[in-house]
Amino acid sequence: MTDNATAPESQNPAPAAPAAPAAGAAAPATDSQAVPAAAADGEAGTSEASAAPEAAGGEGRAPRSPNASRRGGRGRSGGGGGQNRQTGEAAAGTPPKGPSGPRRTHPALEQLAGFYPHLFGAQFLPLKRGIFQDLQDAHPGVFEKEDLKAALGIHTRSTRYLQVVAEGRQRHDLSGQPVEAMAPEHVHHALLEVFRRKKPRDGEDLTAKLRRRIAQAYEASGLTREAYDALVRGRDERANALLDEAFAEVAERDAKAEALLRAFEASGSASVEQFADMYGMDARAVERQLQRARQLHNAPAPAPAPAPAPAPTPTTTTAPVDAPAEPAAEA
């Protein structure tokens, strides 16, 4: 009943109040905007329909507005209300099913998942560079070149794939064997993109989480700050600021790790467990810090930047052999 009362006014507001002033005509216009919501939710439609006469504010028209709605509803109950209900359901109904839904739609991706479920199935793995040519060689005539290129582009740009890249996992060949390490710059840029797509939950600080992940990726790379910075720094100033904060966080931890290593070596403890128990620390955390400190000590010192070449000092005033001749002065 709510749909039948609301829909006729929204479809044809002019006949309901042909001689109404501007203030009185505002109510049907409001109902017209609320038709999809009223068709999807009966309670919302009832409240909006009952509030419309009060919003008009005219004493003479106040008792006639409900009657006009009822007459319109009876006149169109055979088809108008049902049509509006179908329209509202189409506008505010469930997501479409089938190929246009959120599931994988590219036919080549379905084929790849069937051929290599360990790479394209429920769990993703980073793919080796050159996988496009490997797939063409392994399945001659099966994939069109452009279709395969588009399918791999969809796959490697998906959030699920970027997540495994951001974890720093190795790249894999078609048989699922790890064949090469993930480049630090690829890990870093995947991290930035994954967190860019994330929506924070209640009270969640995504910036702090991203900074910690960047710091962990930097430590896992085994590179010096200068070498890592040269690989990953880009043009995004906010990302560069987070990178600098991560560097500062790692530098503070490294200083503590080096101090812990000196204390461990001076203690004469027979094992890390004994040393950790002596100071009431977690043995696994102490072991990680000691490994980090040893890694820093064993890391090669960064090569000094080459000095700029001195500017050549001319010894003669004659022009070089290959210098172009000066144009003759005009008379």
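Is the crossing of H10 and H11 left-handed or right-handed? The crossing is right-handed, where right-handed means the near helix is turned clockwise from the far one by less than a right angle, and left-handed means anticlockwise.

## Ground rules

This is a predicted model, where local features need pLDDT of at least 70, side-chain atom pairs count only at pLDDT 80 or more, and totals for chains, interfaces and linings use all residues. Residues are numbered from 1 along each chain as its sequence is written, and side-chain values use heavy atoms, with hydrogens and water left out.

## H10 and H11

Helices here are DSSP runs (H or I, at least four residues), numbered from the N terminus. Helix H10 covers residues 131–138 and helix H11 covers residues 145–156. They pack at about 135°, and their axes are 11 Å apart. Axes are lines fitted to C-alpha atoms over the stretch in contact, with angles running from 0 to 180 degrees between N-to-C directions. That angle makes H10 oblique to H11 (under 35 degrees is roughly parallel, over 145 roughly antiparallel, 65 to 115 roughly perpendicular, and the rest oblique).

On the H10 side, the contact (heavy atoms within 4.5 Å) uses Ile131, Phe132, Leu135 and Gln136, and H11 brings Lys145, Leu148, Lys149 and Leu152. Sorted by class, that's five nonpolar, one polar and two charged residues. Ala, Val, Leu, Ile, Met, Phe, Trp, Tyr, Cys and Pro count as nonpolar, Asp, Glu, Lys and Arg as charged, and the others, Gly among them, as polar.

## H12 and H13

Next up are H12 (residues 159–166) and H13 (residues 184–197), packed at about 135° with axes 8 Å apart. H12 and H13 are therefore oblique to each other, and H12 passes H13 in a left-handed crossing. Among the residues making the contact are Leu162 and Val165 of H12, plus Ala190 and Leu191 of H13. The contact residues split into seven nonpolar, three polar and two charged.

## The cores

A nonpolar core is a set of buried Ala, Val, Leu, Ile, Met, Phe, Trp, Tyr and Cys residues joined through side-chain atoms within 4.5 Å. The largest one has 41 residues, and Leu112, Phe120, Leu135, Leu152 and Leu191 have the most contacts inside it. Helix H14 (residues 206–221) gives this core the most, with six residues. Leaving aside residues up to four places away in sequence, Leu191 touches Ala166, Leu210, Arg213, Ile214 and Ala217. Another core, of 10 residues, lies apart and includes Val272 and Phe275.

## A buried arginine

Arg292 sits in helix H18 (residues 283–298). Its relative accessibility is 11%, so Arg292 counts as buried (under 20% relative accessible area, with exposed over 50% and partly exposed in between, using a 1.4 Å probe and protein chains only). Arg292 touches Glu219, Val250 and Asp254, not counting residues up to four places away in sequence.

Methods:
Helices (H or I, at least four residues) and strands (E, at least two) are DSSP runs, numbered from the N terminus.
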